[in-house]
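Hello,

Here is the structure I promised to pass on.

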Amino acid sequence: MEAVAGAAGVTKPVVYACFAGKDELFRALLRREEERILAEIQAAFEGTDLEDPETTLVEGMTGFLRAAPASPDVYRLIFLGEGGGNAAVARRIQLGRQAQIDALSVLARGWLVARRHDERTIDLNARLLGNAIAGLAESGARLLLSGTDEWTPETLGRELGRLAAAAQASV
């Protein structure tokens, strides 16, 4: 809390007046970042034909990955566990991840229906694709944050989007 106060140029009591403790501060930070990520992804989808899986996945991955370098400390907390160990924060991250998987599963279901996929397994496979796409995005964020390769959000988003599109086409 002292570091937050110092960075904000206020005293620690001012921070405690706004946030009861570190848990509440982290939850507010995660809520803000979730809103920012969703806005960035929605902006990436503007004008995108959602019926085209490859374009949708490339644009979605790129939008998601653009958010990581914009707030690297937050993403290190989410995807690398740095500064973690807080159960309330871990729960909030898990809920956010589940919401992403749910949304991706709905999108994948639409693609499977359009391909006249077997009705008996459509929901199961849509859920599988939702999890796989989320996993690729998370792995991409970790790779981008590691800084060990020369990826940019655009180049990595394009490659991961293509990979995810190929996976969904094979189901």
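In helix 3, the buried residues are L25, F26, A28, L30, E33, I37, I41 and A44. Buried means under 20% relative accessible area, exposed means over 50%, and partly exposed is in between (1.4 Å probe, protein chains only). Helices are DSSP runs (H or I, at least four residues), numbered from the N terminus.

Before going on, note that this is a predicted model: local features need pLDDT of at least 70, side-chain atom pairs count only at pLDDT 80 or more, and totals for chains, interfaces and linings use all residues. Residues are numbered from 1 along each chain as its sequence is written, and side-chain values use heavy atoms, with hydrogens and water left out.

The buried residues of helix 3 pack against helix 1 (2-8), helix 4, helix 5 and helix 6; contact here means heavy atoms within 4.5 Å. Helix 3 has 24 residues, which at 1.5 Å a residue should span 34 Å, and its end C-alpha atoms are 34 Å apart, so the two agree. The expected span is 1.5 Å times one less than the number of residues. Just after helix 3, G47 has a positive phi of about 80°.

D23 is found in helix 3 and is partly exposed, with a relative accessible area of 33%. D23 and V89 are 66 residues apart in sequence, yet their C-alpha atoms are 6.8 Å apart in space.

In helix 4, the buried residues include P53, T56, L57, G60, M61, F64 and L65. Helix 3, helix 5, helix 6, helix 7 and helix 8 are among the elements that cover the buried residues of helix 4.

T56 is found in helix 4 and has a relative accessible area of 1%, so T56 counts as buried. Leaving out residues up to four places away in sequence, T56 touches F45, T48, D49, L50, L107 and W111.

**The core**

Which residues of the largest nonpolar core touch the most other members? Of its 29 residues, they are I37, L57, M61, F64, L65, Y75 and I133. Two or more residues come from each of helix 3 (22-45), helix 4 (53-70), helix 5 (72-80), helix 6 (87-114), helix 7 (122-146) and helix 8 (153-170). Helix 7 gives the most, with 9 residues. A nonpolar core is a set of buried Ala, Val, Leu, Ile, Met, Phe, Trp, Tyr and Cys residues joined through side-chain atoms within 4.5 Å.

R116 lies in the loop between helix 6 and helix 7. Its phi is near 60°, a positive value in a residue other than glycine. Most residues other than glycine have a negative phi. R116 counts as exposed because its relative accessibility is 76%.

Regards
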